[in-house]
Structure formats: C-alpha cells, structure tokens
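Please look over the model below. My notes follow as numbered points.

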Amino acid sequence: MNTTRWTEWFEWFHAHPETSGEEHETTGKIREILQELSIEIIPSNLPTGLLAVIRGSRPGPQRALRADIDALPVLEETDLSYQSLYEGRMHACGHDFHMTSVLAAAELLQADREQLKGTVWLVFQPAEEAFTGASQVVQTGLLTGVEQFWGIHADPDLDSGVVGIHAGPIAASVDRYRIDVTGIGCHGALPHLGKSPLTVLSGLVSDLDAFARRSVSPFRPSVVSVTQMHGGDTWNVIPKTAFLEGTVRTFDENDRTAIHEAILRITEGAGIASGTECVLTWTEGHDPVINDPDLSEYAKKTAVKNGFAWQEVPAAMVGDDFGLYSKTFHRPGVYLKIGTGKGHNLHHPAFRVDPSAIAPTASFLKHLLMGD
Ligand code: NI
C-alpha cells in the first residue's frame, strides 16, 4: 500500500477546497489520479464531479461507492502545514478525507480486479452541502443498474480508523423554512398606528416550539430550530417587514409532513391574529438516510472477519443527500461513519482529520466491495 501517496492526495485536497458547484480543480485532480491508476472514467454531463468504474473479472453485483467532494465557506483556524490556500474556504466537513479514502480503496480494488466479483462504481459527487449534488448525479442516468449504494462520512466522535455502523435511520431529513411578515411601519412612539412585524416574529418563535415541534411523538426525534431573525434598522421606528428562518429535521416522512403543515397553520394563524401578511416559504432539502439492515449486518461481519475496529453509532440530526440514491433507485444503501480522530465537530473552523484513518478505511472499503 502506497500510503505516502495517499497522504499527499489528502493534503492536496485539503489545501485546495472548493465550494458546492465550483469543484473544478478538485475534479481535475480526481481525474488525474484515476488516470494514473488506469481506472475507467465514464463520460457524463456533470459540470463538476465525475463517475468512474472498476470492472471485476468475476461475475457479481454492481455496487456504488460515493464520496462527496465539496468544501465549505469557512475560514480555517487550524495550524496544519497543509491548510487551505483559499481564504474563507475550508474542507471543514472531511470531504477531502472521503475523496482520498475512496481513491485509495479504488487503487486497491483495481490492483485486485482479477478477484473482484462484479462492478464497482466510484461516485465523486459535487455539491453535497448545497442539496443539489446527488440529484445531479442521479440525473446522469448512469447509475440505474446499481444494486447497492455505499457512502462514508468522517466522524470526529470516533477514534481514527474506527468504522461506525448503525442499521436504520442514520441521518435526518433537512428542510429549510422562512416566514416573511409584512405589517405597517410607523413611529416607535405611536405603535397603535402601525402593525409591528417584530411582535409577530416574537410570537412565532414560541408558537413554533409549542405547536410545530410538539406535533410529532416525543418517541421519534425531531428538531424545529429558528436560526436567524431580521427586522428593523433603528431604535425609534417600527419597521414594515421582518423575517425569520430556520431548519426542520426528522427521520420519518410523516413527521416531516406533520411539522410542515403545523408551520403553515402557525404562519397563517399569526397573519389572521395580527392583521399582517405572513408568508411561509418551505424549501425541501435532503431526505433522511436509512441504512439497510442486511447490508449493515454484512458491513459488521466484514469488519469482524477482517479484524477492523468497528462500533455501533447513534443516528444524528445532521443531513446528507446520500439518501436520494436509495430513494430514487429503490436499492439498499449504507452510510458508514468513519472515525477521523476525536476533536472539533464537523463544520468547525478547527475541525481536522487524522490522516492515519485513510489506510484502514481504504482497506475496509476494499473488503466490503470485493464481494468475498
Ligand atoms: Ni459532510
């Protein structure tokens, strides 16, 4: 195993972060590495990201291994020698690690393709952070024959190289909502002549907690968060408009619908009660990621059989568009957590991956996809 080269790839990716839809240099680097490894790149209409394939010499299923490749608009605060060369952009979600591990696994699979049963699709997916990447890949129409989808994500709650497995829901649905309130602006001393959108917003915050979050069973996890509120410019004027925005997370489609409907009722009710115009904008994002029980069991057995450290991990309210593959193609998928050393959380400016996680991850993924 040429782990020195893998570390070089990782450091290059970390130093050259590109945000969603802008991953041109990143795609170029992936292409270059795949060409060096003599791995077949499949032409697609993707502006960024790419698909490649390793065809085994023995018969077997088509499996896909997905790595997301985008970075975040975060100003890096690590002291790494290979830190971001682009101010205000950072691989703060470990996608640099995902790309490297999948490329390293691809190198191992390619070397052993005489023994490989079936076909492995390598999916280098753009724009995961923007909700749009999985959908772009699905729309290429190239993955319709895939029978199993595998994905990985860095996990700073696990020791380096430990595989985290959990059958069932593993990542939440991610929706975004915004409520715009238009009232009547007036002098701060004469509130009876206006209709304050700020008063409406303050009521909305407690109503969202009281009625939206509590519209689903406490036995099933859900989140309704308010994340920004804006309105007003100065101290003595009641503004005409204001808005708030937030996110909803669930693991269950019915809960997702129930909360959406509750927020709509709360919005309409606030408008009627206050005499202002209240408008809800709902933006549907990621679906929940549900790990297939049989494939999760297979992953556990593969770890035990080959001596890899693994542990059961809890589901998390963070989202990932990986769930779209299984949902679209009605094929099972598993999203694995991979320990990258304990430390700062994902998306934190000081988040870092311990590169010692790359070699065991590549080796585990190879075993998983060899079909033996
Ligand atoms: Ni991520």
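1. The bend at a residue is the angle between axes fitted to the seven residues ending there and the seven starting there. Helices (H or I, at least four residues) and strands (E, at least two) are DSSP runs, numbered from the N terminus. Helix 5 has a kink of about 25°, centred on S206.

2. On sources: this is a predicted model, where local features need pLDDT of at least 70, side-chain atom pairs count only at pLDDT 80 or more, and totals for chains, interfaces and linings use all residues. Residues are numbered from 1 along each chain as its sequence is written, and side-chain values use heavy atoms, with hydrogens and water left out.

3. Helix 5 covers residues 197–212. Its buried residues (under 20% relative accessible area; exposed is over 50%, partly exposed in between; 1.4 Å probe, protein chains only) are P197, V200, L201, L204, L208 and A212. They pack against several elements, including strand 8 (173–182) and helix 6 (253–274). V205, also in helix 5, is partly exposed, at 30% relative accessible area.

4. H153 sits in strand 5 (residues 148–155). Its contacts (heavy atoms within 4.5 Å) include C93, H95, D320 and Y335, not counting residues up to four places away in sequence.
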